[in-house]
Amino acid sequence: MSGQSRNSWIKKDDPKLVSGKQKDIFEDILEDRRHSSDAKWAWHARDVPLYKYSKARSPEEIKKHVIQSDRVKYAIEQVCEESGLPLEEIHKQTMEIVNEMAHNLSINAIRGFAVFLVKVMKALFRRIYVNEEGIQKVRSTIKEYPVLIMPTHRSYFDFLLVSFVFFAYELPLPVIAAAMDFSSMKFFGWLLRNCGAFYIRRSFGDDQLYWAVFTEYVQTQICNGDHPVEFYVEGTRSRTLKSYSPKFGMLSASLEPYFKAHIPDIMVFPVSISYDKVLEETLYAYELLGVPKPKESTGGLLKARNILNEDFGNVHMYFGEPISIRQYTTGKIDRSVHSLAPRYIASLSKEETELLKTLGYDVVMKHLKHMVISPWSLIASVLVQNKEGITVKQLTREVEWIKRQAFNLGAYIDWPGNETADDIIRSALFLHKNFVEVTPEDVIQLVSVAAPHQKGQDELMQSAAQHMVLTLYRNQLMHVFVRIAMVTISINACPNDTLDIDELFTKYFFLEQLLNRDFIFRPGSTKQDFENALLTLTHNCGVVIEDNQVQIKKSQNKYTTFFSQMFEPFLLGYWILGRCILSTQIDVHNKPIAKPIKTISREAQSLGARLLRERCIRNLEVLSLDLLGNGLHALLHMGAVKKERRDGQPYMYPNTIVLTNICSQIETFIEVPRIPTTSINVESKTVVITAKL
């Protein structure tokens with residue numbers, strides 16, 4: 001995405017509009033739909049490009065191929081031998097798995113759904129912007145290679161949007177890996193299956209038969225090029241609007257045909273989907289605080305139809321440059337290692353496994369590179385640090401300042417070039433009027449966020465929900481600043497006059513380890529990331545280095561303070577988590593009692609709530625179960641907690657020496673309350689702290 005930021009609107013659009021049909025590299029695909037018949041559009045003749053080696057197959061023929069494949073036959077034999085069950089019983093189980101999983105893609109169902117879907121899109125969104133150049137690359141690539149579509153996943157609407165775009169541009173509809181939860185939705189589960197969704201269980205562990213059916217079902221459609229295959233490399237929907245670390249199960253199954261020389265190449269398209277306003281914002285806020293999400297159901301969907309009266313602004317969809325797996329792997333793997341084993345036996349070399357990991361991170365990094373940052377994300381970043389209230393005039397100054405910093409770091413900011421900053425900000429505030437209001441004195445205040453399906457929330461949790469909604473949109477900007485912030489945190493907290501560059505890198509490395517579940521860092525790039533961040537700070541942000549030493553007093557300024565404050569809540573949350581775990585009681589063998597992961601996170605949240613009520617801390621973000629869960633996994637990776645399994649469930653307990661050391665290191669970066677010893681009982685919802693707070 002070259003020439004990123006202040007959008008120069010194409011002249012044929014009214015320059016007074018905040019959004020036009022065309023801007024920069026994007027085109028709005030809803031504009032024409034607002035001026036023509038939806039039914040005629042949905043039922044028009046489509047000229048769809050097809051993979052040149054594809055042989056047309058019906059969904060039933062695909063299922064038949066899976067059942068008769070060597071891979072599935074081999075798995076059936078293995079399961080029969082291991083379980084002692086008759087062949088007929090295992091074959092019956094196989095048929096049930098295939099029927100439960102398979103899509104039933106029907107062009108008539110798609111056309112019917114398209115009539116309904118386009119009306120929903122026009123009601124919800126002002127514009128849906130797509131980079132048409134990316135679409136044309138998809139069109140030309142589909143003819144030559146099997147294609148994988150890997151979008152970001154931050155809303156239920158993601159897969160609907162991708163299918164809508166493919167239908168609008170007369171591309172073959174993708175088949176979509178969907179969670180099994182959706183299959184149980186009356187009518188809509190059936191409808192999605194008929195529109196290309198194939199349902200897979202969230203986890204299938206060591207179920208050899210399920211793995212075989214799943215792998216063959218995915219691979220046969222890739223090898224034959226029946227349809228583009230769409231899945232989310234992050235594995236699940238992000239409730240924080242940050243990107244998650246990649247998962248490798250689906251990626252491994254999808255690329256194995258190339259590794260085993262079934263096909264000459266596979267093309268991967270990363271797709272970045274950016275929302276001005278997410279439909280699930282309130283649900284996400286309360287989910288992060290521990291309120292269970294409502295189960296996916298048709299009834300719940302119908303009850304939510306009042307959202308059609310709301311305005312969710314614009315959506316930007318960026319189809320990135322295709323990644324050729326052949327080119328990506330050249331010189332890195334040896335495909336001949338698979339020549340002696342049957343191709344249907346799942347096995348990847350160590351080099352292939354490592355390459356999959358790198359590819360997964362590269363796809364997510366490309367997602368982040370092409371996200372479109374809305375003015376509201378900039379506003380939220382300022383409001384998070386000014387919860388007491390701020391005037392529109394002061395907010396405008398701060399937003400323009402942070403916009404410049406993000407632009408200098410390569411972010412694409414959706415900022416109309418011919419609008420005043422005041423107009424842009426007031427427009428964004430109006431779009432989010434369900435969450436903020438401007439008083440007669442021109443001061444911005446937060447509006448209370450009610451839990452969507454629970455009553456009786458206490459004042460602290462309501463305030464926390466307000467804060468969580470802000471952090472959702474601030475999070476869309478965090479990847480831009482995280483690396484320079486990991487440098488500025490050390491500079492801001494340094495008590496000395498100078499800080500050696502080598503020591504600064506040591507601190508940076510520690511912070512990357514600590515933050516590596518909340519933010520995306522490409523493996524093996526730590527040193528390069530550090531050097532680039534330091535270079536940016538010295539060139540653009542006033543950081544002074546003399547004789548390989550950072551001059552602390554000269555370097556501490558608005559830049560270092562603002563960037564540090566953006567990320568300090570994460571460190572405080574991790575510290576509270578660590579102190580909570582260290583308070584774990586000892587068993588009769590003088591070993592800390594292991595607890596389930598969810599229990600540990602809940603206890604840490606309870607401790608954070610107590611500290612907030614006692615006014616020992618002020619940052620409500622420490623109540624986020626996502627932050628605490630990510631912190632727990634980071635501590636596991638750093639050896640500060642240990643994991644064991646009991647009855648198939650993971651339990652954790654502290655490695656006291658390592659965890660104490662990590663907590664002490666965090667204390668060198670931020671101010672923390674005093675908590676010598678703690679006893680927590682999450683069942684009775686009490687926190688007993690035996691020292692003065």
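Buried means under 20% relative accessible area, exposed means over 50%, and partly exposed is in between (1.4 Å probe, protein chains only). Keep that handy for the exercises below. The model is predicted, so local features need pLDDT of at least 70 and side-chain atom pairs count only at pLDDT 80 or more, while totals for chains, interfaces and linings use all residues. Residues are numbered from 1 along each chain as its sequence is written, and side-chain values use heavy atoms, with hydrogens and water left out.

**Exercise 1. Cysteines**

Task: Work out whether cysteine 663 is buried or exposed, and how far its sulfur is from the closest cysteine sulfur.

Solution: 
- Start with accessibility: cysteine 663 has a relative accessible area of 2%, so it is buried.
- Next, look for a partner. The closest cysteine sulfur belongs to cysteine 580, 10 Å away, which is too far for a bond.
- A disulfide is a pair of cysteine sulfur atoms within 2.5 Å. The structure holds zero of them.

**Exercise 2. Stacked rings**

Task: Find how many aromatic pairs the whole structure has, then describe the pair made by phenylalanine 113 and phenylalanine 116.

Solution: 
- Get the rule first: rings of Phe, Tyr and Trp (its six-membered ring) pair if their centres lie within 6.5 Å, and planes under 30 degrees apart count as stacked, over 60 as edge-to-face and the rest as tilted.
- Searching the whole structure turns up 31 aromatic pairs.
- One of them joins phenylalanine 113 and phenylalanine 116, stacked at 5.9 Å centre to centre with 20° between the planes.
- Both sit in helix H5 (residues 107-124), three residues apart, or about one turn of the helix. Helices (H or I, at least four residues) and strands (E, at least two) are DSSP runs, numbered from the N terminus.
- Phenylalanine 481 is in helix H18 (residues 459-493) and phenylalanine 563 is in helix H22 (residues 558-582), so the pair ties together parts 82 residues apart in sequence.
- Phenylalanine 481 and phenylalanine 563 are both buried. Ring pairs also link them into a cluster with Trp401, Tyr559 and Phe562.

**Exercise 3. A strand and its neighbours**

Task: Which strands are joined to strand S4 by bridges?

Solution: 
- Locate S4 at residues 147-151; five of its five residues are buried.
- Look at the side chains: Val147, Ile149 and Pro151 point one way, and Leu148 and Met150 the other way.
- Two strands pair if DSSP finds at least two bridges between them.
- Strand S8 (residues 267-275) runs parallel to S4, with five bridges joining them. Here methionine 150 has proline 270 as its bridge partner.
- Strand S7 (residues 229-230) also runs parallel to S4, with two bridges. There, leucine 148 has valine 229 as its bridge partner.

**Exercise 4. Serine 140**

Task: Where is serine 140 found, and which backbone oxygen does its side chain reach?

Solution: 
- Serine 140 is in helix H6 (residues 132-144).
- At 42% relative accessibility, serine 140 is partly exposed.
- Its side chain reaches the backbone oxygen of lysine 137 at 3.2 Å.
- Serine 140 and glutamate 281 are 37 Å apart in space, C-alpha to C-alpha, and 141 residues apart in sequence.

Notes:
A polar contact is a pair of N or O atoms within 3.5 Å; within protein, one must be able to donate a hydrogen and the other to accept it, and residues adjacent in sequence count only if both atoms are side-chain atoms.
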